[in-house]
Amino acid sequence: MKSDPLFFLCICISAVFKGIIFLDILLSFLLLLLRSLLLLLSFLHRQQESSRGLSSAFVEKLARFELSEPVTLRRSDCVVCLDDFRKSDWCRRLPSCGHVFHQKCVDPWFRKARTCPICRARVRLREEDPKQGESFLS
Ligand SMILES: [Zn+2]
Ligand SMILES: [Zn+2]
């Protein structure tokens with residue numbers, strides 16, 4: 001029996017189309033996989049970011065001041081050690097929320113967290129202003 005060339009052509013075209021459709025499905029599947037992988041990666045990255053503390057370089061840039069008078073700040077003690085602020089204590093004032101802590105108390109905290117221990121505001125850097133600490137005292 002002689003095969004019909006037209007029939008043969010039809011088979012070929014259908015095979016090609018099937019191949020294209022298969023490739024199409026495979027490609028969209030791969031793209032979907034890639035996208036979910038990227039999403040997962042960015043999610044993991046964010047998780048890691050939020051669970052990790054600030055870098056010591058960042059902490060060093062936070063405003064720091066030394067108490068020049070033996071003063072107990074009316075507004076609060078240091079919430080980390082529950083102790084008063086005393087003369088010649090080095091303190092840090094968080095630029096984002098204005099809360100003040102002993103430097104020796106808050107620096108270890110920032111190795112684990114990126115937020116203020118009191119109000120959980122995310123710590124951001126602002127132009128360092130040495131006067132800020134002074135104004136907190138008055
Ligand atoms: Zn303290
Ligand atoms: Zn705060």
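**Figure 1. Confidence along the protein chain of this predicted model.** In the protein chain, confidence reaches its highest value in helix H3, at 92, and its lowest in helix H4 (residues 131–137), at a mean of 49, where pLDDT is the predictor's confidence in each residue, from 0 to 100. The average pLDDT of the protein chain is 81, and 80% of the residues score at least 70. Where pLDDT is low, the predicted coordinates should not be read in detail. The model is predicted, and local features need pLDDT of at least 70, side-chain atom pairs count only at pLDDT 80 or more, while totals for chains, interfaces and linings use all residues. Residues are numbered from 1 along each chain as its sequence is written, and chains are lettered from A and ligands numbered from 1 in the order in which they are written.

**Figure 2. The elements of the protein chain and the annotated segment.** The protein chain has 4 helices and 3 strands, which follow one another from the N terminus as α-α-β-β-β-α-α; helices (H or I, at least four residues) and strands (E, at least two) are DSSP runs, numbered from the N terminus. Residues 6–34 carry the annotation "transmembrane region" in an unreviewed UniProt entry; such positions are given in the numbering used here, feature names are shortened, and annotations may be inferred rather than shown by experiment. Over residues 6–34 the chain is 100% helix and 0% strand, with its end C-alpha atoms 41 Å apart.

**Figure 3. The open sheet of 3 strands.** The strands are arranged in the order E1-E2-E3, with antiparallel pairing, two strands being paired if DSSP finds at least two bridges between them. Strand E1 (64–66) and E3 stand at the edges, and because each has a single partner strand, one side of each is left without a neighbour in the sheet. On average, neighbouring strands of this sheet are turned by 35° against each other, direction ignored. E1 is joined to E2 by 3 bridges, and Arg64 stands opposite Arg92 in E2.

**Figure 4. The hairpin of E2 and E3.** Strand E2 (residues 90–93) pairs with E3 in the antiparallel sense over 3 bridges. Across this pairing, Cys91 stands opposite His102 in E3, and the bridge partner of Arg93 is Val100. Between the two strands of the hairpin there are 6 residues, and Gly98 in the turn has a positive phi of about 90°.

**Figure 5. Helix H3 across the sheet, with Val106.** H3 lies across E1, E2 and E3 and runs at about 95° to E3; axes are lines fitted to C-alpha atoms, for helices over the stretch in contact, and angles run from 0 to 180 degrees between N-to-C directions. Val106 lies in this helix, H3. Val106 counts as buried because it has 26 C-beta neighbours inside 10 Å; a residue is buried if 20 or more other C-beta atoms lie within 10 Å of its own, exposed if 12 or fewer, and partly exposed in between, with C-beta atoms placed from the backbone. Leaving aside neighbours within four places in sequence, Val106 is in contact with Val80, Arg92 and Phe101, contact meaning that C-beta atoms, placed from the backbone, lie within 7 Å.

**Figure 6. The largest nonpolar core.** Among the 14 residues of this core, Phe85, Cys91, Leu94, Phe101 and Val123 touch the most other members. Strand E3 (100–102) and helix H3 (103–110) are the elements that give two or more residues to this core. A nonpolar core is a set of buried Ala, Val, Leu, Ile, Met, Phe, Trp, Tyr and Cys residues joined through C-beta atoms within 7 Å.

Methods
Contact = placed C-beta atoms within 7 Å.
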